[in-house]
Amino acid sequence: MNQKIGFIGCGNMAKAMIGGMVESKFASPDQVYASNRSLPNLEEVHQKYGVQVTQDNLEVAKKCEILFLAVKPKFYPAVIEQIKDSVHENAMIIMIAAGQTIEQNEQRFGKRMKMVRSMPNTPSLVGEGMTGVSINDLITEEETRLIQSLFECFGRVEFLSEDLMDAVSGVSGASPAYGYMFIEALADGAVQQGIPRKQAYVFAAQALLGAAKMVLETDLHPGELKDQVCSPGGATIEAVAKLEETGFRSSVIQAVHACTEKSKRMRK
Ligand SMILES: NC(=O)C1=CN([C@@H]2O[C@H](COP(=O)(O)OP(=O)(O)OC[C@H]3O[C@@H](n4cnc5c(N)ncnc54)[C@H](O)[C@@H]3O)[C@@H](O)[C@H]2O)C=CC1
Ligand SMILES: O=C(O)[C@@H]1CCC=N1
């Protein structure tokens, strides 16, 4: 691809995607532009990845055919007001904000634009991102393939209808945070049993990485994979029974629900 890719807002999520794109060589550093209100994050991505940086949002908006809006949801109205008359004539706008809808942002631009609503996650930085994507009807099939390869350069992508995008925040946008909590909890349990903390994180994280790969690569149902670990009368089933008793599944389901509902409230 030879389009220029811009990021307005260069925080945690933009840095993860820029890192993923450049490290995977999907885009060369001279194709990628980022603007941010403050300097430190810009200096960091320039030093690490060699991308072009500026504090001027308009410079990025004018230059880039593919434009990520990577500021917090509450800053979308002000940023769109600032750039709407300057965006590249063929611009494709990629929103990454929780809760923001395509219709809402078309209204803010005051015209129909090629618009993508996406929900990525921070493991994009290490090539293991998961992104949910909805597109509007101005995006062509060729552009859809481009969007797919763009998000696939740092992980997996699934297209789905826009009414499900708030739930994507709950299941994959936010869930790395739940995963880190699970890893911390596993490691605390291991430390309680005498395993040194540094090793405890390796045991916990690698076990979960392996479990995730088993689900994605064997095509077996997670329940069947769980049953393979639970020897009759063995140790694992004791742990599984304790997790059920203490509401593990229900707690996770409620967490996804809470995140999804909050995402919906964030567009008000
Ligand atoms: N952090 C995450 O795991 C995920 C975040 N998102 C979405 O990504 C967006 C950004 O989130 P984060 O990167 O976590 O936030 P962040 O706070 O780390 O980054 C936002 C950046 O935007 C800059 N900024 C604020 N107003 C600006 C303006 N007017 N012009 C230029 N830059 C401006 C800030 O200085 C900051 O560096 C949010 O809309 C969030 O919903 C989506 C998926 C996952
Ligand atoms: O916490 C948030 O609002 C964003 C959306 C998903 C992950 N971070």
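Let me start with ligand 2. The residues around ligand 2 are Ala98, Ser169, Gly173 and Ala174. Being around, or near, a molecule means that the C-beta atom of the residue, placed from the backbone, lies within 6 Å of that molecule. The shell around ligand 2 divides into two nonpolar residues, two polar ones and no charged ones. For these classes, Ala, Val, Leu, Ile, Met, Phe, Trp, Tyr, Cys and Pro count as nonpolar, Asp, Glu, Lys and Arg as charged, and the others, Gly among them, as polar.

Some ground rules. This is a predicted model, in which local features need pLDDT of at least 70 and side-chain atom pairs count only at pLDDT 80 or more, while totals for chains, interfaces and linings use all residues. Residues are numbered from 1 along each chain as its sequence is written, and chains are lettered from A and ligands numbered from 1 in the order in which they are written.

Now the overall picture. The protein has twelve helices and eight strands. Helices (H or I, at least four residues) and strands (E, at least two) are DSSP runs, numbered from the N terminus. Along the principal axes, the C-alpha atoms fill a box of roughly 65 × 40 × 30 Å. The domain assignment gives domain 1 (5–165) and domain 2 (175–265); such bounds come from an automatic or database assignment. Taken over C-alpha atoms, the centres of domain 1 and domain 2 are separated by 32 Å.

Of the 268 residues in the protein, 33% are buried. A residue is buried if 20 or more other C-beta atoms lie within 10 Å of its own, exposed if 12 or fewer, and partly exposed in between, with C-beta atoms placed from the backbone. As for contacts with a separation of 6 or more, 65% of them are between residues 24 or more positions apart. Two residues are in contact if their C-beta atoms, placed from the backbone, lie within 7 Å.

UniProt, in an unreviewed entry, places the feature "domain: Pyrroline-5-carboxylate reductase dimerisation" at residues 162–266. UniProt positions are given in the numbering used here, feature names are shortened, and annotations may be inferred rather than shown by experiment.

Next, ligand 1. There are 28 residues around ligand 1, and Gly9, Gly11, Asn12, Met13 and Ala97 come nearest. Two elements give two or more residues to this shell, helix H1 (12–23) and helix H4 (76–83). H1 gives the most, with three residues. By class, the shell around ligand 1 has 15 nonpolar residues, eleven polar and two charged.

Gly9 sits in the loop between E1 and H1. Is Gly9 buried or exposed? Gly9 counts as buried because 23 C-beta neighbours are inside 10 Å. Apart from neighbours within four places in sequence, Gly9 is in contact with Ala14, Asn36, Leu69, Ala70 and Val71.

Gly11 is also in the loop between E1 and H1. Gly11 is partly exposed, because 15 other C-beta atoms lie within 10 Å. Setting aside neighbours within four places in sequence, its contacts are Asn41 and Ala70. Gly11 and Val71 are 60 residues apart along the chain, and their C-alpha atoms are separated by 7.6 Å.

Asn12 is in helix H1, and it counts as exposed because it has 11 C-beta neighbours inside 10 Å.

The unreviewed UniProt entry lists a "binding site" made up of Ile8, Gly9, Cys10, Gly11, Asn12, Met13, Ala70, Val71, Lys72 and Pro73. These residues are spread over 66 residues of sequence but cluster in space, with a largest C-alpha distance of 14.0 Å.

A word on the strands. Strand E1 (residues 5–8) and E2 pair in the parallel sense over four bridges; pairing requires at least two bridges found by DSSP. Phe7 stands opposite Ala34 in E2. On strand E2 (residues 32–35), Val32 and Ala34 point one way and Tyr33 and Ser35 the other, and all are buried.

Last, Asn136. Its place is in the loop between strand E7 (129–135) and helix H6 (141–152). Asn136 is partly exposed, because 17 other C-beta atoms lie within 10 Å. Leaving out neighbours within four places in sequence, Asn136 is in contact with Ile102 and Met115.
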